[in-house]
Amino acid sequence: MDNFDLTPLRVGIAGLGTVARGVLNILLTRKDEIARHAGRPITVARVANRTAYPEIDLGGARFSTSLSDLTDRGDVDVVVELIGGEDAALKLVTRSLSQGLSVVTANKALLARHGNALFEQARQQEGGVVLAFEAAVAGSIPIISSLTRSLVANDIEWLAGIINGTSNFILTAMAERGEAFEDALAEAQALGYAEADPTFDVEGIDAAHKLTLLAALAFDTAVDFDGVYTEGITGITPEDIGYADELGYRIRHLGIARRTGEGVEVRVHPTLISKESMLANVNGVMNAVLVMGHASGPILHCGAGAGELPTASSVVADLVAVARGDAVHVRTGGNHTPILDMHQVESACYLRIPCLDQPGVFARVATALSEHDISIEAAIQRESAIHSDSGVSWVPIVIVTHRVSEGVMDTAIEALQRVDAVIGDIKRLRVEHLS
Ligand SMILES: NC(=O)c1ccc[n+]([C@@H]2O[C@H](COP(=O)([O-])OP(=O)(O)OC[C@H]3O[C@@H](n4cnc5c(N)ncnc54)[C@H](OP(=O)(O)O)[C@@H]3O)[C@@H](O)[C@H]2O)c1
């Protein structure tokens, strides 16, 4: 073979969990094909994990329970960090880079918090040290490669993604089977799609970790996890899904990053999108990221967002790039455009307003909105929706507004809550027309 280098790239893997097992599997079973793509062999020299699993085939790699053996023994060229979490992972990645070892990680929580410093550390290091992280966002989908290579000719206008499979599974189950949130979550847990503690997924934190990385790459801003507006899906009811359906929408938990004249919006929240849109038709645990480039137009990236082999697929792709010497050096924060406060963001809104069942109530709601210059695009108020609790008859009025800033909508909702015919908390969801 032309230009084949017999010097192997020696890999040290930290962790022996789901993703690490997938990486071992691919590196051991597709050794020759991977060497051909990499132009040199990629061998697993060491594995470190707090627990030994003698039943796992390490392909002859040395095993240790000490993570520092990966960095300090001089027999590893690249460390693959697959232990997750922040503290031990940060220590390992920092130590690896300072020892002149490249790092491949799938750890979005680590990069969302420490990405700026770690990318800078890798860049400052001599000898072509890189920090690669394709697997950290959307599992198998090559979205990091897309943003850092394939789409670099573009001025990215916005991107929107379904970047947490658990939340998408739950919303899909609620829509398809009319399940309540709790039942859909229990189903996700039974199928192994959700952790016993699902907080990171259903509260949007995991999606926010990923979105902050995507926004930094798309807009050259700093990785700013604290700047991401984050709202989960725990408040979504089958009733909301039903009304959205009637109005022509599906509810998806989206991460949205958009460049505006004032700055960059970075937000994660349940969103009504047209049933016809590409993202609305991404179901179950699948992930998808829609990117709008000024030259490319819209590009949908879609695939498995998690799992042993899908995630390992991205880790191994990074290893091959490191072996070839063509992994991308990421730099963040070149553009000092601010991340916008949520109050400055504009979107259309869905409002579900519980009102007394009296004549003239709809007009009073519409007047309260128009006093804040908010116009109504669509509305539903049906007799069949009337409820009677403790002798009080009420009906939800459901409204979709035209675009309005969050700040104005906050004030309008406060005013609406003071209307005496409004007898409960108003539900507000954002509506996006992704075109
Ligand atoms: N799973 C996915 O589908 C997926 C998708 C995308 C990204 N990721 C990311 O990939 C990373 C790994 O995820 P995973 O699902 O493979 O996790 P996992 O199954 O929980 O495996 C983590 C492994 O790391 C070991 N470990 C944890 N802390 C350690 C420490 N301080 N010292 C030594 N070993 C330690 C654990 O040891 P024990 O064996 O003793 O528990 C376990 O073997 C995470 O950053 C995750 O966010 C995962």
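**Chat about the chain and its ligand**

Me: What share of the contacts with a separation of 6 or more links residues 24 or more positions apart?
Reply: In this predicted model, 75% of the chain's contacts with a separation of 6 or more are between residues 24 or more positions apart.

Me: How many helices and strands does the chain have?
Reply: The chain has 14 helices and 18 strands.

Me: And what is the radius of gyration?
Reply: The chain has 24 Å. A compact globule of 435 residues would have a value near 22 Å, so the two agree. Along its principal axes, the C-alpha trace spans about 80 × 45 × 35 Å.

Me: What percentage of the residues is buried?
Reply: Of the 435 residues in the chain, 48% are buried.

Me: Switching to the ligand. Which residues are closest?
Reply: The closest are G15, G17, T51, G84 and A306, out of 23 residues that surround the ligand.

Me: Which helix gives the most to that shell?
Reply: Helix 1, residues 18-29, with 3 residues.

Me: What about the shell by class?
Reply: The shell around the ligand has 11 polar, 10 nonpolar and 2 charged residues.

Me: Now helix 4 and helix 5. At what angle do their axes cross?
Reply: The axes of helix 4 (residues 87-98) and helix 5 (residues 108-124) cross at roughly 10 degrees and come within 11 Å. An angle under 35 degrees counts as roughly parallel, so helix 4 is roughly parallel to helix 5.

Me: Which residues meet there?
Reply: From helix 4, A89, L90, V93, T94 and L97; from helix 5, L110, H114, L118, Q121 and A122. The residues of this contact divide into 7 nonpolar and 3 polar, with no charged.

Conventions:
Residues are numbered from 1 along each chain as its sequence is written. This is a predicted model: local features need pLDDT of at least 70, side-chain atom pairs count only at pLDDT 80 or more; totals for chains, interfaces and linings use all residues. Axes are lines fitted to C-alpha atoms, for helices over the stretch in contact, and angles run from 0 to 180 degrees between N-to-C directions. Helices (H or I, at least four residues) and strands (E, at least two) are DSSP runs, numbered from the N terminus. Angles under 35 degrees count as roughly parallel, over 145 as roughly antiparallel, 65 to 115 as roughly perpendicular and the rest as oblique. Two residues are in contact if their C-beta atoms, placed from the backbone, lie within 7 Å. Ala, Val, Leu, Ile, Met, Phe, Trp, Tyr, Cys and Pro count as nonpolar, Asp, Glu, Lys and Arg as charged, and the others, Gly among them, as polar. The radius of gyration is taken over C-alpha atoms; the globule rule is 2.2 Å times the number of residues to the power 0.38. A residue is buried if 20 or more other C-beta atoms lie within 10 Å of its own, exposed if 12 or fewer, and partly exposed in between; C-beta atoms are placed from the backbone. A residue is near a molecule or strand if its C-beta atom, placed from the backbone, lies within 6 Å of it.
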